[in-house]
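Biologist: Before we discuss this model, could you put it on the screen, so that we can go through the fold and a few of its local features together?

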Amino acid sequence: MTITSIILAHFKEREGNLKRIVDDLLGGTVVPQEVIVFIDNPSITFTDDRVTIIRSTHSFLPIIRFAIGSVCDTDYCFFIDDDLSVKSKTLENMVKYANLYPRAILGLEGSILRSDSPTPYSHDTPIGRGSILVKVDVVIRTYFCSRESIFPGLVLKTMFPYLPKISLDDVYLCLGNKYFKNDSNYVIPVDEETGLTELSDGGVGQSLSDNHYSNRNKVCRFLMDKYETNN
């Protein structure tokens, strides 16, 4: 199994996290064949000869990282937010569960949407890092999946151009996998060696935007109504 890890570097306030994330990815028991850092903020000057750095003068929404992963020459992609880092066996654990659930999108935190609510994300059952395997609707913050599992989410996004786009990258990824491939998304068990380390968010982030939750509620409700009531 080949693995490419992709980090989106958008916030200048989080630039100091990048070396730590790369160090930890390359220091684990399972090491990605390639680490890509996509930088879409010209004020970020991070350099590292160990990784592939792609720079853009144009700012993109976070779904760009999934688009990059879809064209990589790799079996699996590992996407991690830039306010987190891996521990020594995080990727080893991801590989273990990918072998058990090869078509799933795996992560360490997630959301079970509330089907009977007009605001299914705000009234979800949040699933944090824990010691049991949990099937969820949406995985958040880290994503380990086969390259083929990325495409349905990208297609899903293009099908409804009138829906909100901000704060929806993981929603489209995971619900695309669920509705188009009829596959599952899981929060996998972790322990001290297989979890994550929280890094500074710099006081910025997509989840802090005014329309983060309203957008997620609107899109989740729309997609649930369209694809679940017809099944």
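Biologist: Among contacts in the protein between residues at least 6 apart in sequence, what percentage join residues at least 24 apart?
Modeller: This is a predicted model, and the figure concerns contacts between residues separated by at least 6 positions in the sequence. Within that set, the share that joins residues at least 24 apart is 79%.

Biologist: How much of the accessible surface of the protein belongs to carbon and sulfur atoms?
Modeller: Of the 231 residues, 56% count as buried. The accessible surface comes to about 10,200 Å², and the part of it that belongs to carbon and sulfur atoms is 52%.

Biologist: How far apart do the centres of the positive and negative side chains lie?
Modeller: The protein has 24 positive and 30 negative side chains.

Biologist: Is S167 buried or exposed?
Modeller: S167 lies in the loop between α4 (151-159) and α5 (169-180), and its phi is positive, about 70 degrees, although the residue is not a glycine. Most residues other than glycine have a negative phi. Since buried means under 20% relative accessible area, the 0% of S167 places it in the class buried.

Biologist: How many of the 12 residues of α5 are buried?
Modeller: From its first C-alpha to its last, α5 reaches 16 Å, close to the 16 Å expected at 1.5 Å a residue. The helix is mostly covered, and its buried residues include D169, V171, L173, C174 and Y179. Out of the 12 residues of α5, the number buried is 10.

Biologist: Which residue with a positive phi follows α5, and is N182 buried or exposed?
Modeller: The residue that follows α5 with a positive phi, near 55 degrees, is N182, and its place is in the loop between α5 and β12 (185-187). Because exposed means over 50% relative accessible area, the 67% of N182 makes this residue exposed.

Terms used
Residues are numbered from 1 along each chain as its sequence is written. This is a predicted model: local features need pLDDT of at least 70, side-chain atom pairs count only at pLDDT 80 or more; totals for chains, interfaces and linings use all residues. Side-chain values use heavy atoms; hydrogens and water are left out. Buried means under 20% relative accessible area, exposed over 50%, partly exposed in between (1.4 Å probe, protein chains only). Contact means heavy atoms within 4.5 Å. Accessible areas come from the Shrake-Rupley method with a 1.4 Å probe; for residues, only the protein chains shown count as cover. Lys and Arg count as positive and Asp and Glu as negative; His and the chain ends are not counted. The place of a charge is taken as NZ of Lys, CZ of Arg, CG of Asp or CD of Glu. Helices (H or I, at least four residues) and strands (E, at least two) are DSSP runs, numbered from the N terminus. The expected span of a helix is 1.5 Å times one less than its number of residues.
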